[in-house]
Amino acid sequence: MLKIIRNSLIAFVCICLSNVANATVVVRDYLSLYDSPKYKTGFSHFEFVNPNAPKQGKINLPAYGSFDNFNPFIFKGIAFSNGADITLESLGYTPFDDPTTAYPLLAEKFEMPDDKSFVGFILNPKAKFANGEKVSADDVIFSFNALITKGAPLYKIYYADVDKVVKVNERHVRFYFKKNSTNRELPLILTQFKIFSAQEFKDKDFAVPTLEPPLGSGPYIIDKFEVNKFVELKRNPNYWAKNLPSRKGFFNFDTIRFEFYQDTTVTLQALFAGEIDAREEYIAKIWVSGYDNKLVDEGKIKKEAISHNNPAALQFFGFNTRLEKFADSRVREAIGLAFNFEWANEKLFYNQYERIYSLFSNTDLAATDIPKGAELQILKKFKDQLPDDIFSQSYQNPDNSTPEKQRANLKKAVKLLNEAGYDFVNGKMTNLKTKEPLTIEVLSNSANGASFTRVMLPFIENLRKIGIDMTFRNLEVNIFKNRLDNFEFEVAILSYRLSNMPGNEQKEMWGSASADIKGSFNVLGIKNPVVDTLIQGLINANNEQVYKAYVKALDRVIMRQHYFIPQWYSGTERIAYKSSLKHPQTKLKPGVDIYTWWLEE
């Protein structure tokens, strides 16, 4: 028999006997990985927003590169990705201050049996698209199937443990999992994909890039645009979710306009000229010395470094390990020894940065000491596949703070290269087997490449001292993306935004299954069975202690393999904006979330 647990969290229960005989099913107004939601039933809004923010006015924001497509979930085309978050809705919403819980959005209730064999979503009867049509189970099923069959290749990997999707009724859909699935995070992940209108795609191919704005159920509608110049979105006056607790305090502008630029530095003058209203600053030198302007002096433009406790953006020089010359970790480590962060931080960055030291810098998930406890027991299983020193020391970036230390690091680099089969031939560091000198091409994109030129010059000079020729190329944003998507690069300057709760996405970033899929996030081509096992372990973890042990083990193994050369991060997000813009004052340190800001006219 089917049993239903009733408690104070349940407003109503939808009972369906199909395929769940002898299972206990709980229906709640939250979906939590560890059944410990921060926000209780009846909460009015999240703590990091202003629920009384006025909804008015227009904001102009910068975007970079170009676009020829409004669907960011397919492989082809250059997508306008900014619009997806505000024109399309998902089944649930996970706030930054509770990363293990999803709260109602399109789904009013979440359904879960005790055997975790499926997750069910009961849709809000008020949920509707911008044209007034109700969001239905058919739309959810269409959107999921479109992603895994016609979307970017990574989605097929991401949702691989879903066995089938079943329509229970017009407002109720279930995702059944494969029998051998132990992916505890999958129910939470399924709350996050965006829902399209099945009717809209009745006679259209989801996989084909389009400049026809999608029919969404979100707070904004794409109103007008000019390719590669701007996209303007206006508030949907009939937005169905404006009073939901998960939406109160968000989306406070009547109009949001994105102006497109090819270079981040150009947008500073655009801010002073009144073409845009806010811009994040990514260049320390400009932050310190570039705002000497009357508008700033008079307080009409504000500069603010907003603290955050999010994982630091993982910014790095990434090796294409598919190439033979970068297949040996000793070669990668040797190249990294020549990068002088200390010099760059002092001479170029005004000591505003710290060095990336982990996949999860700025969080308690970083493996900063020697392995112990549960993590040590996990790593011992792979003792024969891991370097001995991984058990006795934590990852440490090289210290190039003095000339003596720089020389010592270059000597160490030469020793590592010798061990990997390289030596000097006519002054060039040469592979003794292939007789090919070791050369390196580093790629960046035009949005930030100009600022990296100064960083690269001493790096190039240090490598020259040990017989390695490095070149630096700055490509247009679209060309750069195409090169990465097709793995046509040697070393690339990359930056990843990581989740507060690392999980299934780690497969896409570091997992073997995604290494050969063009357009995947595993740009580095990592194929490491230990990494694969550790990722699966953190996904399967049945409690927080085990989960953290697997996350730290993964961090330790990837950092020790030197798949990339860490760059730098800041514990604040720097933004300059017109004084008429306001944002919530909170101790939660959310960083910059422009969709919680508002305009005071």
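Buried means under 20% relative accessible area, exposed over 50%, and partly exposed in between, using a 1.4 Å probe and protein chains only. Keep that in mind for the tour.

This is a predicted model: local features need pLDDT of at least 70, side-chain atom pairs count only at pLDDT 80 or more, and totals for chains, interfaces and linings use all residues. Residues are numbered from 1 along each chain as its sequence is written, and side-chain values use heavy atoms, without hydrogens and water.

**Whole chain**

Buried residues make up 56% of its 601 residues. Colour by secondary structure: there are 16 helices and 27 strands. These are DSSP runs numbered from the N terminus: helices are H or I with at least four residues, strands are E with at least two.

**Helix 13**

Select 477–485, which is helix 13. Its buried residues are Val-477, Phe-480, Arg-483, Leu-484 and Asp-485. What covers them? Show strand 20 (439–445), strand 21 (469–475) and strand 22, which are among the covering elements. Now step to Phe-487, which follows helix 13 and has a positive phi, near 60 degrees.

**The largest core**

A nonpolar core is a set of buried Ala, Val, Leu, Ile, Met, Phe, Trp, Tyr and Cys residues joined through side-chain atoms within 4.5 Å. The largest one here has 51 residues. Select Leu-314, Leu-359, Leu-494, Tyr-496, Trp-510, Leu-534 and Phe-564, the residues with the most contacts inside it. Helix 13 supplies at least two residues of this core, and so does strand 22 (491–496). Which helix gives the largest share? Helix 16 does, with nine residues.

Zoom in on Tyr-496. Contact means heavy atoms within 4.5 Å. Leaving aside neighbours within four places in sequence, Tyr-496 touches Ala-313, Leu-314, Phe-316, Met-509, Trp-510, Phe-521 and Val-523.

**A second core**

Next, select Ala-102, Leu-106, Phe-175 and Phe-193. They are included in a second, separate core of 48 residues. In soluble globular proteins, nonpolar side chains tend to be buried together.

**Two loops**

Go to Tyr-350, in the loop between helix 9 (341–347) and strand 17 (354–355). Its phi is positive, about 55 degrees, although Tyr-350 is not a glycine. Tyr-350 is partly exposed, at 38% relative accessible area.

Finish at Lys-589, in the loop between strand 26 (581–582) and strand 27 (598–599). Lys-589 is not a glycine, yet has a positive phi of about 55 degrees. Buried, exposed or partly exposed? At 42% relative accessibility, Lys-589 counts as partly exposed.
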